[in-house]
Amino acid sequence: MAKEKTTAFFCSECGNEFSKWMGQCPACKSWNTLVEEPVGPKKAKSHAQGSGLQSGKAPVTLKEIDLNAQDVIGTGMGELDRVLGGGIVPGALVLVGGDPGIGKSTLLLQMCRNLCNSDKKVLYVSGEESLTQIKMRAERLGDFKDALSLYCETDLADIEATIRKMKPEVVIIDSIQTMYTQEITSAPGSVSQVREACAILLHLAKSLPVSVFIVGHVTKEGTVAGPRVLEHMVDTVLYLEGDRYNAYRILRGVKNRFGSTGEIGVFEMCQDGMREVVNPSEYMLSGRPAGASGSVSICTMEGSRPFLIEIQALVCRTAFGMPRRQVTGIDYNRVNLLMAVLEKRMGLKTGDCDAYVNVAGGMKLQERAADLGVCLAIVSCYEDIAIDESVVVFGEVGLSGEVRSVGNVSGRIAEAGRLGFTTCILPKSALKQLKGETRLNLVGVETLTEAIQYIRKNQRKAED
Ligand code: TYD
Ligand code: MG
């Protein structure tokens, strides 16, 4: 008689199951991601098969579906609402990822407090902290006017029964890696457990409906530990990022079925929990050196929001044969490329110089619109000319030194004007996109040379 299989191999990236080990996952083609886990006898129907999205079995037409005023629930925190796409959608499954100790539990507990204070029924399920620990945290966060239901449990069958009985509007599961279902023999946190736990919660969220927030820890590579499948199953994926030694935290929407992605919310970790930073540009620009070379303010977009940030560059002669290039908050290769453009097209002899480029405030820039700012910061430091503090720049730089247009020009200029900037260096072709009046002095440039000439000329003016 053939021996029954007791283990199987699961891909920790895509969650697929295989009977034998392989170096590369045949499904998602990632290397070294297969892990061995015990498997029990299969149930007749696992939760992964029935999603609970539709109660009846027959197809229905669009017209027949009743939209019973799917009012979103405000969380009482504007920054969180924006990333969620306006608020909490009933029946939504939201995954909140982030490094340990970054503030996920704090943020969600604060959200619970606001929801309870506006008479919503909320259940906070913790598999990581005891009731007294949560109470201690709640004490730091201030007033909890109404009773918040806390539940320390890791068995999903019990959690499901409690949710069905209590019928809360919002449930927090802290964290998915501690939850387990007895139907699967592997340990909590393993691929199959995490996948099944998420399927159970998905079923519950859609069938009741109840909005469920799942906390997930991230791996060293920066993805939610457990299978990638988790990200596909949920409606919204949010990442809380930041430096543990820096008080600022950025909540980033990576996927959202109810709103636009790429939105960010900015928070500050204080003694009494996370505080919203309503005006992040002001904070990012605070402490800017006056009259120093190598510093330039740029305007970048994060989702639909314009942000003003300072870029700093330091260029000095290298002490060794091999020049150093060090970059924080921006793509290293992009900076290398821009330095090559400066060297070839502008004749900037940086080949024997160390160069350091830094985005102030701990932000990570992904947008090409930062190119012109990086170039001008490098030139400003290399030639030791200070750029006036009232100047803001943006634009993409091409390989032949041309300055190319970027999106949302009006939004960027409006934000710069609001913060008191008076001059904006921008791509000439972007001027066409501009709608409405502006108080700013707009300097349209076609090439990097024109932009550099402008800062050189204005430097001379300042010295006169
Ligand atoms: P926590 O929410 O427990 O992180 P996570 O759930 O993501 O693991 O955050 C813990 C950190 O936050 C800890 O280092 C202490 C700090 N903290 C504050 O600075 N202020 C506060 O009011 C609270 C509750 C925590
Ligand atoms: Mg926590």
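This is a predicted model: local features need pLDDT of at least 70, side-chain atom pairs count only at pLDDT 80 or more; totals for chains, interfaces and linings use all residues.
Modeller: Residues are numbered from 1 along each chain as its sequence is written, chains are lettered from A and ligands numbered from 1 in the order in which they are written, and side-chain values use heavy atoms, with hydrogens and water left out.

Biologist: What makes a residue part of the surroundings of ligand 1, and how many residues surround ligand 1?

Modeller: A residue is near a molecule if one of its heavy atoms lies within 4 Å of it, and 15 residues surround ligand 1, the closest being Gly101, Ser105, Thr106, Cys270 and Gly273.

Biologist: Why does the pair formed by a nitrogen atom of ligand 1 and a polar backbone atom of cysteine 270 count as a polar contact?

Modeller: A polar contact with the ligand is a pair of N or O atoms within 3.5 Å, and this pair is 2.7 Å apart, so it qualifies. An oxygen atom of ligand 1 likewise lies 2.8 Å from a polar backbone atom of lysine 104, and an oxygen atom of the ligand is 3.0 Å from one of glycine 103. The protein covers 75% of the 560 Å² of accessible area that ligand 1 has on its own (Shrake-Rupley method, 1.4 Å probe).

Biologist: Which element gives the largest share of the shell around ligand 1?

Modeller: Helix H2 does, with three residues, where helices are DSSP runs (H or I, at least four residues) and strands are runs of E (at least two), numbered from the N terminus.

Biologist: Why is helix H8 called oblique to helix H9?

Modeller: The axes of H8 (residues 332–346) and H9 (residues 371–382), lines fitted to C-alpha atoms over the stretch in contact, come within 10 Å and cross at roughly 60°. That makes H8 oblique to H9, because angles under 35 degrees count as roughly parallel, over 145 as roughly antiparallel, 65 to 115 as roughly perpendicular and the rest as oblique.

Biologist: What is noted about the peptide bond that joins aspartate 174 and serine 175, and where is serine 175?

Modeller: That bond is cis, with omega about 0°, and serine 175 sits in the loop between strand S7 (170–174) and helix H5 (191–207). The bond from leucine 208 to proline 209 is also cis, with omega near -10°. Most peptide bonds are trans.

Conventions
A polar contact is a pair of N or O atoms within 3.5 Å; within protein, one must be able to donate a hydrogen and the other to accept it, and residues adjacent in sequence count only if both atoms are side-chain atoms. Axes are lines fitted to C-alpha atoms, for helices over the stretch in contact, and angles run from 0 to 180 degrees between N-to-C directions.
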